[in-house]
Amino acid sequence: MSGIHDFEMVMQMAAQQTETLLPLVDQANDLFIANRLQTLVDATGAQGKVGDSNLTKESVAVYVALLAAFIQFAGTPLPGIGLTPKQIVRLRG
């Protein structure tokens, strides 16, 4: 197989996995906002478990930062293309 063929195969797999990931990211973000989980996080002491989860306050902060960065990236139009990564992944054909 040629390099371009391998590249095509890997990018197709990445697109499929990203297409699965996008709704999960949106769902996690929606859950965090709708349930006002930041209030629960703020009420938790350093290194403490948040609510009835196994997540520490610090690990929730990492997840929230990751969600925010991914959402921002997915929604930002790419220079020279004009489409967002989210739009590109959802294109067919």
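In the predicted model, helix α1 is followed by Arg36, a residue whose phi is positive, near 50°. Arg36 has its place in the loop between α1 and α2, and this value of phi, near 50°, occurs here in a residue other than glycine. Most residues other than glycine have a negative phi. With a relative accessibility of 63%, Arg36 counts as exposed, because the cut-off for that class is over 50%.

A positive phi is also found at Gln47, where the angle is about 65° although the residue is not a glycine. Gln47 belongs to the loop between α2 and α3, and its relative accessibility of 58% means that Gln47 counts as exposed. Thr44 is likewise located in the loop between α2, which covers residues 37–42, and α3, which covers residues 57–74. Thr44, however, has a relative accessible area of 11% and is therefore buried, the limit for this class being under 20%. When residues up to four places away in sequence are not counted, the contacts of Thr44 are with Lys49, Val50 and Lys57.

Helix α1 itself spans residues 3–34. Its 32 residues reach 46 Å from the first C-alpha to the last, which is close to the 46 Å expected at 1.5 Å a residue. The buried residues of this helix are Leu22, Val25 and Phe32, and the partners against which the buried residues of α1 pack are α2, α3 and α4.

Together with Ile4 and Met11, Phe7 forms a nonpolar patch on the surface, and the accessible area of the three residues together is about 340 Å².

With regard to charged side chains, a search of the whole structure finds one salt bridge. This salt bridge joins the side chains of Lys86 and Asp26, with a distance of 3.2 Å from N to O.

The loop between α3 and α4 contains Gly80. At 89% relative accessibility, Gly80 counts as exposed. The C-alpha atom of Gly80 is separated by 42 Å from that of Leu40, the two residues being 40 residues apart along the chain.

Terms used: Residues are numbered from 1 along each chain as its sequence is written. This is a predicted model: local features need pLDDT of at least 70, side-chain atom pairs count only at pLDDT 80 or more; totals for chains, interfaces and linings use all residues. Side-chain values use heavy atoms; hydrogens and water are left out. Patches are made of residues with over 30% relative accessible area and no salt bridge: like charges are joined within 9 Å, nonpolar side chains (Val, Leu, Ile, Met, Phe, Trp, Tyr) within 5 Å. Accessible areas come from the Shrake-Rupley method with a 1.4 Å probe; for residues, only the protein chains shown count as cover. A salt bridge is a side-chain nitrogen of Lys or Arg within 4 Å of a carboxyl oxygen of Asp or Glu. Helices (H or I, at least four residues) and strands (E, at least two) are DSSP runs, numbered from the N terminus. Buried means under 20% relative accessible area, exposed over 50%, partly exposed in between (1.4 Å probe, protein chains only). Contact means heavy atoms within 4.5 Å. The expected span of a helix is 1.5 Å times one less than its number of residues.
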